[in-house]
Amino acid sequence: MTADTQATDTSDKPDYDSPWKEALEKFFPEFLALLFPAIHAEIEWSKGVQFLDKEFQPKPI
């Protein structure tokens, strides 16, 4: 594997992140109710929840 393909080749790396993201999306209200009950009580759940598929990236200066 060359240096050029090393940065883009992810087939050898296990995906530990996706199962956690999927579980959190599926059980988000329950997660908040369990760990943050005061915050859970303040959310208007009838409006729904939108999960973003990208993490926040710092803006270049």
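**Close-up views of the predicted model**

**View 1. F31 counts as partly exposed, with a relative accessibility of 32%.** The model shown here is predicted. F36 is also partly exposed; the relative accessible area of F36 is 39%. Both phenylalanines belong to one aromatic cluster, which is made up of F28, F31, F36, W45 and F51.

**View 2. The protein holds 4 aromatic pairs.** One of them joins F28 and F51, an edge-to-face pair with the ring centres 5.4 Å apart and the planes at 85 degrees. F28 lies in helix α3 (residues 28-35), while F51 lies in the segment after α4 (37-42), so this pair ties together parts that are 23 residues apart in sequence. F28 is buried, because its relative accessible area of 18% is under the 20% limit. F51 has a relative accessibility of 34% and counts as partly exposed.

**View 3. F31 and F36 form an edge-to-face aromatic pair.**

**View 4. D17 and K21 form a salt bridge.** The closest N and O atoms of D17 and K21 are 3.1 Å apart. A search of the whole structure finds 1 salt bridge. D17 and K21 lie in helix α2 (residues 17-26), where a spacing of 4 residues separates them by about one helical turn. D17 is partly exposed, at a relative accessible area of 43%, and K21 is partly exposed too, at 35% relative accessibility.

**View 5. Helix α1 (residues 3-6) has the lowest mean pLDDT among the elements of the protein.** The mean for helix α1 is 53, whereas α4 has the highest mean, 96. Where pLDDT is low, the predicted coordinates should not be read in detail. Over the protein, the mean pLDDT is 82, and 82% of the residues reach 70 or more.

**View 6. The protein has 4 helices and 0 strands.** Along the sequence the elements follow the pattern α-α-α-α. Of the 61 residues, 3% count as buried, and F28 is one of the buried residues. The accessible surface comes to about 6200 Å², and carbon and sulfur atoms account for 60% of that surface.

Key
Residues numbered from 1 in each chain as written. Predicted model: local features only at pLDDT ≥ 70, side-chain atom pairs only at ≥ 80, totals over all residues. Heavy atoms only, no water. Phe/Tyr/Trp six-rings, centres within 6.5 Å; stacked < 30°, edge-to-face > 60°. Helix = DSSP H or I, 4+ residues; strand = E, 2+ residues; numbered from the N terminus. Buried < 20%, exposed > 50% of the residue type's maximum accessible area, 1.4 Å probe, protein only. Areas by Shrake-Rupley, 256 points an atom, 1.4 Å probe, with all protein chains shown as cover. pLDDT = per-residue confidence, 0-100. Salt bridge = Lys/Arg side-chain N within 4 Å of Asp/Glu carboxyl O.
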